[in-house]
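Here is a friendly walk through some local features of a protein model. Please have a look at the sequence and the structure first.

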Amino acid sequence: VDVLEVFSQGMEYLSLCYSEGADALARVKLADSLSTYVEQAAFGTFEHRLYQLENPTVEDLYALYDEVALEFGFESVGYDKREFITIGHFYTNPLYIDSYVVSNDAALQIYQLERENAGEGLSKYEKHLDTQEVWFLSFLDTAGLESPFAPDRLQSVRDLFCQELLP
């Protein structure tokens with residue numbers, strides 16, 4: 001699923017390079033991407049702590065989500081301590097939350113390549129579109145993309161967000 005998500009999200013990013021008003025759209029997409037990193041980190045933290053509880057009550061879950069939401073600054077955008085109930089992945093695909101971030105990272109790399117050198121990201125995207133590789137890290141290696149777990153990768157993502165989103 002993570003490999004397929006790279007292409008889904010990669011298409012979104014590439015479309016920003018070839019449309020009118022792309023700069024404004026890119027800022028919105030990158031802000032959404034930054035939000036994904038923060039939200040999914042919060043959801044992942046909630047989920048990991050949830051599995052450490054023994055026989056939690058509904059009130060325990062509300063309190064836990066409230067605690068994590070405050071740790072991640074959700075009060076600045078508004079949240080409801082019950083909203084975790086609507087996140088189906090917690091029930092159907094435990095620990096799937098991490099997939100959003102790692103696949104977004106690979107798609108973001110394609111965007112970065114395209115922005116730095118027109119045609120390079122698109123070429124990489126098209127070259128690997130019919131991949132048969134199902135293991136995410138093996139796909140990244142084959143495609144010449146960096147692992148989201150590489151030591152300096154998160155700093156590169158941070159730098160991109162700062163460069164594109166801060167005045």
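## Helix, loops and rings

Thr-36 has a relative accessible area of 16% and is therefore buried (buried means under 20% relative accessible area, exposed over 50% and partly exposed in between, with a 1.4 Å probe and protein chains only). The model is predicted, so to speak of local features a pLDDT of at least 70 is needed, while side-chain atom pairs count only at pLDDT 80 or more and totals for chains, interfaces and linings use all residues. Residues are numbered from 1 along each chain as its sequence is written, and side-chain values use heavy atoms, with hydrogens and water left out.

Thr-36 belongs to helix 2, residues 22–50 (helices are DSSP runs of H or I with at least four residues, strands are runs of E with at least two, and both are numbered from the N terminus). Apart from neighbours within four places in sequence, Thr-36 is in contact with Ala-41, Tyr-100 and Val-101, where contact means heavy atoms within 4.5 Å.

Which residues other than glycine have a positive phi? Asn-55, with phi near 50 degrees, is one of them, and Leu-95, at about 70 degrees, is another. Asn-55 sits in the loop between helix 2 and helix 3 (58–71) and is exposed at 72% relative accessibility. Leu-95 is in the loop between helix 4 (89–92) and helix 5 (97–116), and with 40% relative accessibility Leu-95 is partly exposed.

Now to the rings. Those of Phe, Tyr and Trp (its six-membered ring) pair if their centres lie within 6.5 Å; planes under 30 degrees apart count as stacked, over 60 as edge-to-face and the rest as tilted.

| Pair | Centre distance | Plane angle | Type |
|---|---|---|---|
| Tyr-37 and Phe-161 | 5.7 Å | 80 degrees | edge-to-face |
| Phe-43 and Phe-90 | 6.3 Å | 90 degrees | edge-to-face |

Because Tyr-37 lies in helix 2 and Phe-161 in helix 8 (residues 153–165), their pair ties together parts that are 124 residues apart in sequence. Both Tyr-37 and Phe-161 are buried. Phe-43 lies in helix 2 and Phe-90 in helix 4, so this pair links parts 47 residues apart in sequence. Phe-43 is buried at 12% relative accessible area, and Phe-90 is buried at 6%. One aromatic cluster is formed by Phe-43, Phe-46, Tyr-62, Tyr-65, Phe-74, Tyr-79, Phe-84 and Phe-90.
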